[in-house]
Amino acid sequence: MKRIKMLLLVIVLMACTLGLVGLKIFKDKTTNEVETYLIEERGYNPNDINEVYTQIGKAPLVSTTIIFDDDRSSRYFYRKENGKIYQYSRAPVQGVDDGTKQYRHIEE
């Protein structure tokens, strides 16, 4: 009985570990795809990007946040849908957008 419990525990831990590793790989892949899009299709230099990270939220929404080096007070949100990457929103790094903020990297 003790051996079965130990085996079950090992299986559960391995499943959790594999899930976390898979999630990390997925987030890293998405981050790289958005960076590649910005560099190759939008013409940005890698030095233009100050910060980039991918998060998984509700609905499920996978969103990559970009903070450009020349506009560190703004966040730009990108997502991939049907094989296409696009900017779907933007917001200040701190606070809320009151409609007066000027964004330098808006995509239409």
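Helices here (H or I, at least four residues) and strands (E, at least two) are DSSP runs, numbered from the N terminus. By that rule, D28 and K24 both fall in helix 1, four residues apart, which is about one turn of the helix. This is a predicted model, in which local features need pLDDT of at least 70 and side-chain atom pairs count only at pLDDT 80 or more, while totals for chains, interfaces and linings use all residues. Residues are numbered from 1 along each chain as its sequence is written, and side-chain values use heavy atoms, with hydrogens and water left out.

Side chains of opposite charge can pair when their charged atoms come close. A salt bridge means a side-chain nitrogen of Lys or Arg within 4 Å of a carboxyl oxygen of Asp or Glu. The side chains of D28 and K24 meet in this way at 3.0 Å, N to O. In total, the structure holds six salt bridges.

## A nonpolar patch

Helix 1 spans residues 2–41 and includes L13. Together with M6, L9, V10 and M14, L13 makes a nonpolar surface patch of about 480 Å². Patch residues have over 30% relative accessible area and no salt bridge, with like charges joined within 9 Å and nonpolar side chains (Val, Leu, Ile, Met, Phe, Trp, Tyr) within 5 Å. Accessible areas come from the Shrake-Rupley method with a 1.4 Å probe, and for residues only the protein chains shown count as cover.

## The sheet

Now to the strands, which pair if DSSP finds at least two bridges between them. Four of them form an open, antiparallel sheet in the order 1-2-3-4. Strand 1 (49–56) and strand 4 (84–92) stand at the edges with a single partner strand each, so one side of each is left without a neighbour in the sheet.

Strand 2 and strand 3 form a hairpin with five residues between them, and pair over three bridges in the antiparallel sense. Here T64 stands opposite Y78 in strand 3. Strand 3 (residues 74–81) also pairs with strand 4, antiparallel again, over eight bridges. In strand 4, S74 has P92 as its bridge partner, and F77 has S89. The hairpin of strand 3 and strand 4 has two residues between the strands, and N82 takes a positive phi near 55 degrees there.

## Aromatic pairs

Rings of Phe, Tyr and Trp (its six-membered ring) pair if their centres lie within 6.5 Å; planes under 30 degrees apart count as stacked, over 60 as edge-to-face and the rest as tilted. The whole structure has five aromatic pairs. One of them, F77 with Y88, is tilted, at 6.2 Å centre to centre and 40 degrees between the planes. This pair links distant parts of the chain, with F77 in strand 3 and Y88 in strand 4, eleven residues apart.
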